Amino acid sequence: MWREIAYWGRKLAECGLVSSRFGNISVRTERGLLIKRSGAMLDSLKEEDIIEVGLTPSKADAGASSETSSHRAIYLATDARAIIHAHPQFAIVESLLCGSEIEPLDSEGLSFLGTIPIVDGEPGSRELFESLTKAFSSGKARGVVNRGHGSFAAGPDLADCFNTTAMIEHSSKIRYLYDLQRRTKS
């Protein structure tokens, strides 16, 4: 499984959806979840960079991603089998410009994503994982953007989460450029 996580980590970096050590990937297991080690770079993950933690906090969490609590909370609140947390630039910008949601303007974003909730909370905070679980457990959100921080996609597998992450960025970019063009013409 670590090879699959590494594959999607490289794809995220290649597509500009993460940079440096930012972003996280996890997969649910029978005993908990596999998640990236804190500080590991997504574009060059090795087997030792992926650790397994339980669905309740424990000493095994030492060294795990700072977003482990958020991933854990989403798994406990949903039937998701995989989660990708990325830092797509246009989605982050739109989260700072919009109120409580990003409404895609493109037909693909509208049909695939619907409205994208924007939630508040500092990375790794209780406020964040409570906001994420509320948004995902509604059953309406494929992806959520944490204001000023990044996107979270939860789904049946990493390919689905990657597609959601890429679509969030695509729709956010279109919305940003459209709004910029309108402001320029005014």
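Modeller: Here is the walk-through, starting with the rings.

First, a word on the numbers: this is a predicted model, where local features need pLDDT of at least 70 and side-chain atom pairs count only at pLDDT 80 or more, while totals for chains, interfaces and linings use all residues. Residues are numbered from 1 along each chain as its sequence is written, and side-chain values use heavy atoms, with hydrogens and water left out.

Rings of Phe, Tyr and Trp (its six-membered ring) pair if their centres lie within 6.5 Å; planes under 30 degrees apart are stacked, over 60 edge-to-face, and the rest tilted. That rule gives three aromatic pairs. Take Trp8 and Phe162: their ring centres are 5.2 Å apart and the planes sit at 40 degrees, so this pair is tilted. It ties together distant parts of the chain, as Trp8 belongs to helix α1 (residues 2-14) and Phe162 to helix α6 (residues 158-185), 154 residues apart. Helices (H or I, at least four residues) and strands (E, at least two) are DSSP runs, numbered from the N terminus.

Buried means under 20% relative accessible area, exposed over 50%, and partly exposed in between (1.4 Å probe, protein chains only). Trp8 is buried at 12%, and Phe162 is buried at 7%.

Elsewhere, Arg142 lies over the face of Phe112, 4.0 Å from the ring centre. A charge counts as over a ring if NZ of Lys or CZ of Arg is within 6 Å of the ring centre and within 35 degrees of the ring normal.

Now the cysteines. There are zero disulfides, a disulfide being a pair of cysteine sulfur atoms within 2.5 Å. The sulfur of Cys161 is 15 Å from the closest cysteine sulfur, in Cys15, which is too far for a bond. Cys161 is buried, at 0% relative accessibility, whereas Cys15 is partly exposed at 46%.

Last come the strands, which pair if DSSP finds at least two bridges between them. Strand β1 (residues 24-28) runs antiparallel to β2, joined by three bridges, and the two form a hairpin with four residues between them. On its other pairing, β2 is joined to strand β3 (residues 50-53) by four bridges, again antiparallel. Leu34 takes part in both: its partners are Val27 and, in β3, Glu52. Within β2 (residues 33-36), Leu33 and Ile35 point one way, Leu34 and Lys36 the other way, and all are buried.
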